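Trainee: Hi! Could you walk me through this one before I start setting things up?
Mentor: Happy to, let's look at it together.
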Amino acid sequence: QVQLVESGGGLVQAGGSLTLSCAASGNIFSIPVMTWYRQAPGKQRELVARISSDYSTNYADSVVGRFTISRDIAKKSVYLQMNSLLPEDSGVYYCNMRVQQRGSDEFRDYWGQGTQVTVSS
């Protein structure tokens, strides 16, 4: 089984910074894709940032230049550095990892439990 544990959310004033972390554990052979999503109240979950095994990245237009995604393969972890935060960045942030388990050719998506980010104006 695979588990993802997130940390780092909280309350911050507009213009401030937060760093989110997500660590995977369990029977893992590889994690080719790691993604951060967020969901604001009454809105659909949206992709925030994605990083692949070759370290290529994609960002939502709304966070370009403010957020940075990174990964540590050895620690099976993904991070989201969030700077110049805006009230509209508030929501629950979820990490997602596409995992290949040892002994399997299949890939499955796993989700963290979510961490609340609140940006006050």
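Trainee: How many helices and strands are in the protein chain?
Mentor: The protein chain has zero helices and eleven strands. Both are DSSP runs numbered from the N terminus, helices being H or I with at least four residues and strands E with at least two. This is a predicted model, where local features need pLDDT of at least 70, side-chain atom pairs count only at pLDDT 80 or more, and totals for chains, interfaces and linings use all residues. Residues are numbered from 1 along each chain as its sequence is written, and side-chain values use heavy atoms, with hydrogens and water left out.

Trainee: Which residues touch the most other members of the largest nonpolar core?
Mentor: W36, V78, L80, M82, Y93 and M97 do, in a core of 29 residues. Elements that give two or more residues to this core include strand 1 (2-7), strand 4 (30-39) and strand 9 (91-100). Such a core is a set of buried Ala, Val, Leu, Ile, Met, Phe, Trp, Tyr and Cys residues joined through side-chain atoms within 4.5 Å. In soluble globular proteins, nonpolar side chains tend to be buried together.

Trainee: What does M82 touch?
Mentor: Not counting residues up to four places away in sequence, M82 touches G16, S17, L18, L20, R66, F67, Y93 and V117. A contact here means heavy atoms within 4.5 Å.

Trainee: New topic: how many disulfides does the structure hold?
Mentor: It holds one. C22 and C95 form the disulfide, with their sulfur atoms 1.9 Å apart; the cut-off is a pair of cysteine sulfur atoms within 2.5 Å. The pair links distant parts of the chain, with C22 in strand 3 and C95 in strand 9, 73 residues apart.

Trainee: Are those two cysteines buried or exposed?
Mentor: C22 is buried, with a relative accessible area of 1%, and C95 counts as buried at 0%.

Trainee: What about R38, buried or exposed?
Mentor: R38 sits in strand 4 and is buried, with a relative accessible area of 5%. Its side chain makes a polar contact of 2.9 Å with the side chain of D89, and another of 2.9 Å with the side chain of Y93. A polar contact is a pair of N or O atoms within 3.5 Å; within protein, one must be able to donate a hydrogen and the other to accept it, and residues adjacent in sequence count only if both atoms are side-chain atoms.

Trainee: And R50, where is that one?
Mentor: R50 is in strand 5 and counts as partly exposed, at 27% relative accessibility. A polar contact of 3.1 Å joins its side chain to that of Y37. Leaving aside neighbours within four places in sequence, R50 is also in contact with other residues, among them V33, M34 and I69.

Notes:
Buried < 20%, exposed > 50% of the residue type's maximum accessible area, 1.4 Å probe, protein only.
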